[in-house]
2 protein chains.
Amino acid sequence: MPRYQQLANELAGMIAQGALRAGDRLPSVRQTCQSRGLSAATVFQAYRLLEARGLVQAAARSGYFVSAHAGSAQSPTRPSPASDAAPHTISEQIFELLQSSRERGLLPLGSAFPATELFPLERLRLALGAGMRKLEPWQISAELPLGLETLRRQIALRYLRLGLRVAPEDIVITNGALEALQLCLQTVTRPGDAVLVESPCFYAALQALERFGLKAIEVPTDRAEGADLQAMARLIAQHRPRACWLMSSFQNPLGCTLPPHKKRALVALLEAEDVALIEDDVYAELHHGADPALPAKAFEQRGGVMHCGSFSKCLAPGYRIGWALGGRWAPQLQRSKLMSSLSSSLPAQAALAEYLQDGSFDAHLRRLREALARQMRRMAAALAQHMPAGSRVSEPAGGYFLWLELPDGCDSLALLPRAREQGFSLAPGPLFSAQGEFAACLRLNCGHPWGPAWETAIAALGDMARAQLAQR
Amino acid sequence: MPRYQQLANELAGMIAQGALRAGDRLPSVRQTCQSRGLSAATVFQAYRLLEARGLVQAAARSGYFVSAHAGSAQSPTRPSPASDAAPHTISEQIFELLQSSRERGLLPLGSAFPATELFPLERLRLALGAGMRKLEPWQISAELPLGLETLRRQIALRYLRLGLRVAPEDIVITNGALEALQLCLQTVTRPGDAVLVESPCFYAALQALERFGLKAIEVPTDRAEGADLQAMARLIAQHRPRACWLMSSFQNPLGCTLPPHKKRALVALLEAEDVALIEDDVYAELHHGADPALPAKAFEQRGGVMHCGSFSKCLAPGYRIGWALGGRWAPQLQRSKLMSSLSSSLPAQAALAEYLQDGSFDAHLRRLREALARQMRRMAAALAQHMPAGSRVSEPAGGYFLWLELPDGCDSLALLPRAREQGFSLAPGPLFSAQGEFAACLRLNCGHPWGPAWETAIAALGDMARAQLAQR
């Protein structure tokens, strides 16, 4: 085949696959000559052939562009690359299972995110432009490892409302709470160390431990009042952990909240044993009642608590802005941030600083909390109606997750493909355990406005669970 | 002291320190009662006392605000927390030295960043709003671990202009090139592995190796033509490294570029020895001549090259958007991204996708390249005039760094505090070496428009170097 045809076919293939799309400019003839080692005549011939096939059009002095109707209408979906790679661990296998159920068409019963429509996206968009306009040029090009000072001050003011006096200089802005967690872990642990986590606990924490070569020590956790402190004390004596990672309020997945006296006792225990508490408090603003939940951080005596927050769940999904307070490890945490990612994306920081300054955050939070509480009530009612006898459901005072314990004999992992056929996703219990426990449990997302599709999905889930029990 | 006075004094202290500033709202009386366990009367008394002192003002139905003229005019600067923490390694010590010379008032001769005014910040700001407006709601709340498809397609089109056929699905958007580097390292190494790096090399790479428990094997590197491949082959036989991290074009700090035949030989060597090449190509777009430098990636036969790029140096400082191509490790790289940070900040991605689509990137790059080349010529001329005899200066074909080798006997670390006194920062040679070599060398930043202040700084640097030589 002549070389011009080879080139034309290759480009036609990219157009067919959607890698090149309507309006895209082809590389210039000069660029293509250089990059392929072809003569200009050959490249011109290839481009003219594509033009003759109706795939590209020449524009005077601007080169060649892909035609409006060339190629596939849809974006191509290649087979998931995950299938090529052998996962190393059980938690990764389970995680890939979960990923595969994250398709757009599915009702997000297993998702970790609330509905987009609950957030003030248009106001945030306006705040992006306004916030960036206010930056001085040096702020744009300089490394700002701790993050924008205006944003750190707004976060310090939120702490002050809880009675916590936090200096803006002690706050490190991170790429979401996930980076905050990782920076905290890296600051206080070395590979091989043991780390206490709740059981069940948020799967991303288990993955982070795996990634840093840390050993997860699972603490039995009550679905109403959180971690069992007696058990924790025994596990500390046995495993000498360096850190404890937990969510003290509206925990993911249980929704549990440690009562204030347990938060105080937790901090006292960990400070006495020299175990760093990494408190992941990303649902803090989502209390359904009028009063906020005080973080465990409020009870520290010796700076033993690292506190992580985020705007992803309460204000700005996709902006990926979280933060961490390092307690007595603050200097090391700051160095860790500098070495790990220099700084966080400036536009998102500027937008949040601008939005928080204008004072409408509280009104948004009131609406959001009411919506989440309402949706949770609706889902709890549907579960009461549709689940088999013997099922139990958590009763969180905040957040947007319900934890469903189906009767023994139900297998949540086996429900996953069936739910997918019925058009909804699920987050099965074993995802939330390093040992793969909680086989009969599911985390359910109440972060979306209730409607018939949700009622139908819950009814279908009940039927599927009963069918499993019938087959025992 | 009565409790209301204690509270008032505490708040007055925060106002004096700038933690609370003009216009900030104090926590509501109700919030403060709850958070401090005080009666409403006590809190009111405290607030009225602050009002009487002129520090706060009450606004009808909105609570109390810090008065316009209360507090310090300036943001408080606390002593750097770095001084509290014992650095663990020599490279950290050096790094902290460098940090301390990054003050705003200093002429940024040692900085790693070009001048803000060289970038189309206003157009990017407009692209932020426009790009976010075009997103569909599901794109905002969903996890998009690979990054926005529109942005990945634009990056694929840039590769195509170099003759590289890259599928958008194989690109992972990262939080700057620094995350790209770390994800690549984590994908192909385990703690304890050896990794080849150039000598000298960019200090952030040395820090990343330290952080992941990897051993840096330094490859002698020519200041014109890059890594010594014979030496590299010997080091591979000796140390069996798992990866090689290098900058193949316009390297930081030398400015060197491997000629195409050396890039081809490098890839052949590494693929034959099963050493992953992590190619950091963040200066790729900053070629001073008309023709781009082809990356080593273009010569791979077996997918052995991971290619990292960034918009931070050529388009959008502060946006923290980079990317990585995983080569044959693409599936593992994607999983690594998902587990490490879920996804990158959406507003920055949307803005860049929008900007790249509108087609003005090339015109911006032409202006930027011309400015950098011009500034580099001016600085080279000033160095020729002012440096002591026996000094040597690199002659890069791109980027914005010059590498200055002062005569033996000069000590660049000792120059640092003197330069600071004279009002400019420096990046001393030992920063760029795991062994602390290159004592007589400096990396100089030509990324700023030339002017008398720069001429003066270079002249002062020459005087300081001569003074060192005179004391030998």
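Chain A splits into domain 1 (3-66), domain 2 (92-117 + 363-470) and domain 3 (118-361). These bounds come from an automatic or database domain assignment. The C-alpha centres of domain 1 and domain 2 of chain A lie 49 Å apart.

This is a predicted model, in which local features need pLDDT of at least 70 and side-chain atom pairs count only at pLDDT 80 or more, while totals for chains, interfaces and linings use all residues. Residues are numbered from 1 along each chain as its sequence is written, chains are lettered from A in the order in which they are written, and side-chain values use heavy atoms, leaving out hydrogens and water.

Now the interface. Chain B brings 88 residues to the contact and chain A brings 89; contact means heavy atoms within 4.5 Å. About 7900 Å² is buried between the two chains, and carbon and sulfur atoms give 53% of that. Buried area is the accessible area (1.4 Å probe) that two parts lose on being put together, summed over both. B:Arg165, B:Arg335 and B:Met339 supply 9% of the area that chain B buries against chain A, more than any other three residues.

Charge pairs also span the interface. The rule finds eight salt bridges between chain B and chain A, each a side-chain nitrogen of Lys or Arg within 4 Å of a carboxyl oxygen of Asp or Glu. B:Arg153 forms a salt bridge with A:Asp24, with the closest N and O atoms 2.4 Å apart.

On the side of chain B that touches chain A, helix α12 (residues 330-341) gives the largest share, eight residues. Helices are DSSP runs (H or I, at least four residues), numbered from the N terminus.

Definitions and conventions: Helices (H or I, at least four residues) and strands (E, at least two) are DSSP runs, numbered from the N terminus.
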